[in-house]
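Please keep the sequence and the structure in view while reading.

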Amino acid sequence: MDIRVQQAREHDAAADEARQVVASHLAQRDHLIRMLYAEGTWSYAKLAKAVGLTPELIAKIIKPQRR
């Protein structure tokens with residue numbers, strides 16, 4: 001088998017694993033943001049500034065659109 005084929009498979013597997021890690025981190029981030037907001041002491045703007053996100057993204061995390 002051509003070594004490049006094996007390398008392509010390995011990189012594909014590594015990319016898939018990385019996507020799963022990213023999804024896990026984002027889910028944990030979103031959960032923490034929802035918990036903070038639920039306390040009632042954080043506004044979208046304050047959370048955005050503290051976490052380093054935009055208020056629009058905070059809004060999407062707290063109240064996701066259902067399709």
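## Helices and overall form

The model is predicted, and the protein in it has three helices and zero strands. Read along the sequence, these elements follow the pattern α-α-α. The radius of gyration of the protein is 18 Å, whereas the globule rule gives 11 Å for 67 residues; the value is well over that figure, so the protein is more spread out than a compact globule.

The C-alpha trace of the protein spans about 60 × 30 × 15 Å along its principal axes. Among the contacts in the protein with a separation of 6 or more, 32% are accounted for by residues 24 or more positions apart.

## Burial, surface and charge

Of the 67 residues of the protein, 10% count as buried. The protein exposes about 5,700 Å², and carbon and sulfur atoms supply 57% of that area.

The side chains of the protein include 11 that are positive and 8 that are negative. The centres of these two sets lie 12 Å apart.

## The aromatic pair

The structure holds one aromatic pair. It is formed by Tyr37 and Tyr44, whose ring centres are 5.1 Å apart and whose planes stand at 55°, so the pair is tilted. The reasoning rests on two cut-offs: ring centres must lie within 6.5 Å to pair, and planes under 30 degrees apart count as stacked, over 60 as edge-to-face and the rest as tilted.

How accessible are the two members of the pair, Tyr37 and Tyr44? Tyr37 has a relative accessible area of 29% and is therefore partly exposed. Tyr44 has a relative accessibility of 22% and also counts as partly exposed. Both assignments follow from the limits for this class, because buried means under 20% relative accessible area and exposed means over 50%.

Helix 3 comprises residues 55-62, and Leu57 is found in it. With a relative accessibility of 30%, Leu57 counts as partly exposed.

Between Ala59 and Gln28, which are 31 residues apart along the chain, the C-alpha separation is 16 Å.

Methods. Residues numbered from 1 in each chain as written. Predicted model: local features only at pLDDT ≥ 70, side-chain atom pairs only at ≥ 80, totals over all residues. Heavy atoms only, no water. Phe/Tyr/Trp six-rings, centres within 6.5 Å; stacked < 30°, edge-to-face > 60°. Buried < 20%, exposed > 50% of the residue type's maximum accessible area, 1.4 Å probe, protein only. Helix = DSSP H or I, 4+ residues; strand = E, 2+ residues; numbered from the N terminus. Rg over C-alpha atoms; globule rule 2.2 N^0.38 Å. Contact = heavy atoms within 4.5 Å. Areas by Shrake-Rupley, 256 points an atom, 1.4 Å probe, with all protein chains shown as cover. Lys, Arg positive; Asp, Glu negative; His and termini not counted. Charge placed at Lys NZ, Arg CZ, Asp CG, Glu CD.
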